[in-house]
Amino acid sequence: MRASRLLSILLLLQARGRLTAAQLAAELEVSVRTVYRDVESLHAAGIPLYGEAGHAGGYQLVDGWRTRLTGLTEAEAGSLFLAGLPGPAAELGYGAVLATLKLKLSAALPAELADRAARVQERFHLDAPGWYSDGDPSPHLAATADAVWEQRRIRVRYRSWRGDAERTLEPYGLVLKGGRWYAVARTVGGSRPGPATYRINQVLALTATDECFDRPADFDLAGWWHAHVRDFRTRLHQDEARIRLSPAGRRRLREVAADPVVRAVDDTAEAPDADGWVTARVPIESLTHAHGDFLRLGAEVEVLSPAPLRARIAETARGLAALYPPG
């Protein structure tokens with residue numbers, strides 16, 4: 001651990017020039033006293049490192065000196081794919097490894113490329129979770145990731161819409177979608193032959209086993225996931241509703257509805273009436289989902305059909321009117 005920290009100090013100074021002991025301590029998440037001891041150790045090892053006192057002081061390497069100790073460890077190489085996702089990397093237990101990896105990559109780049117990489121990092125930021133959620137971290141994410149890597153079966157207690165169940169899984173991979181982690185895994189002894197998706201934060205308990213499994217050599221995680229999402233969207237909207245939308249409702253629809261619904265309005269909207277309202281046909285997932293979705297538009301939408309959906313929304317409207325009487 002200390003050897004890695006000493007290398008990190010070298011790489012930080014090489015990439016950024018002069019840094020104070022306090023700045024180094026903040027980067028490495030250690031005390032300033034620890035930084036002082038580490039600097040003394042680097043001096044003793046013959047590293048051309050010197051410090052200057054004062055407000056503009058700090059530690060820096062002698063001009064022109066560069067370390068060549070930038071080879072990647074096995075863990076660092078394995079975290080390369082997470083280089084742009086520090087939050088998910090930390091959830092998987094790669095936080096510290098990823099920080100060292102970035103330092104090594106910066107140190108290995110020529111000066112002009114290192115400067116460009118730094119400017120990209122300053123100007124672009126990827127935030128994977130949605131606006132209304134920080135994702136759903138799970139205490140079993142790291143253990144699932146280990147099982148994926150080691151190709152070992154896991155026994156889980158999983159909560160689905162059918163209720164809790166005990167299952168033995170062969171996890172083929174992990175996917176981060178909209179800030180949520182999913183395992184793509186085959187259920188041992190399950191009724192379906194291929195893999196299925198399991199949301200990690202619905203895993204209530206997990207036990208690692210010593211049972212290894214053979215991951216299919218031709219299994220393409222990205223390809224399987226794209227096909228799964230495409231199939232999910234195809235099955236998502238099986239019914240249809242006929243609605244009237246005000247101009248404000250049509251604008252609001254683009255913020256709250258799924259893309260297929262917005263496209264359906266654009267494709268099927270009839271000519272606007274005198275008040276600018278349009279009539280259109282849109283796909284719906286179910287009466288329950290459509291009820292909630294259309295209520296988000298308030299009085300800017302009128303459901304014309306199906307009749308059960310119109311009746312359910314009318315009942316909700318009467319209930320709201322009773323709660324908020326005029327006056």
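Which residue is the bridge partner of Arg152 in β7? It's Cys212. The model behind this is a predicted one, so a few ground rules apply: local features need pLDDT of at least 70, side-chain atom pairs count only at pLDDT 80 or more, and totals for chains, interfaces and linings use all residues. Numbering starts from 1 along each chain as its sequence is written, and side-chain values use heavy atoms, with hydrogens and water left out.

The Arg152–Cys212 bridge belongs to the pairing of strand β3 (residues 152-160) with strand β7 (residues 203-212), which is antiparallel and runs over six bridges. Strands here are DSSP runs of E with at least two residues, helices are runs of H or I with at least four, and both are numbered from the N terminus. Two strands count as paired if DSSP finds at least two bridges between them. β3 also pairs with strand β4 (residues 163-177), again antiparallel, through seven bridges. The link from β3 to β4 is a hairpin of two residues.

Both pairings sit inside an open sheet of five strands, in the order β6-β5-β4-β3-β7 with antiparallel pairing. β6 (196-199) and β7 are at the edges with a single partner strand each, so one side of each has no neighbour in the sheet. Direction ignored, neighbouring strands of this sheet are turned by 50° against each other on average. As for side chains, in a regular strand they alternate between the two faces of the sheet.

Next comes empty space. Rolling a probe the size of a water molecule over the atoms shows where it is left. A cavity is taken as a set of points, on a 1 Å grid over the protein atoms alone, where a 1.4 Å probe fits but cannot get out; lining residues have an atom within 4 Å of a point. Points are joined across faces, edges and corners, and the volume is the space filled by probe spheres set on them. The count comes to one cavity of 30 Å³ or more, and the largest cavity holds about 50 Å³. Its lining consists of Thr144, Ile154, Val156, Leu169, Pro171, Ala183, Ala185, Tyr198, Ile200 and Val203. Strands β3, β4 and β5 (180-187) each supply at least two of the lining residues. By class, the lining has nine nonpolar residues, one polar and no charged ones, where Ala, Val, Leu, Ile, Met, Phe, Trp, Tyr, Cys and Pro count as nonpolar, Asp, Glu, Lys and Arg as charged, and the others, Gly among them, as polar.

A further open sheet has three strands in the order β9-β8-β10, also with antiparallel pairing. Its edge strands are β9 (278-284) and β10 (301-305), each pairing on one side only. The twist averages 35° from one strand to the next. Strand β8 (residues 239-245) pairs with β10 over four bridges, and Ile243 stands opposite Val303 there.

Two helix pairs are worth a look. Axes are lines fitted to C-alpha atoms, for helices over the stretch in contact, and angles between N-to-C directions run from 0 to 180 degrees. Helix α10 (residues 247-256) and helix α11 (residues 259-268) pack at about 150° with their axes 8 Å apart. That makes α10 roughly antiparallel to α11, given that angles under 35 degrees count as roughly parallel, over 145 as roughly antiparallel, 65 to 115 as roughly perpendicular and the rest as oblique. Helices α12 (residues 287-295) and α13 (residues 307-323) have axes that come within 10 Å and cross at roughly 50°. That makes α12 oblique to α13.

Most residues other than glycine have a negative phi, and most peptide bonds are trans. Glu29 has a positive phi of about 60° although it is not a glycine, and its place is the loop between α2 (21-28) and α3 (32-44). Ser305 and Pro306 are joined by a cis peptide bond with omega about 5°; Pro306 lies in the loop between β10 and α13.

Definitions and conventions. On a 1 Å grid over the protein atoms alone, a cavity is a set of points where a 1.4 Å probe fits but cannot get out, and a pocket is an open set with protein on both sides within 12 Å along at least five of seven lines; lining residues have an atom within 4 Å of a point.
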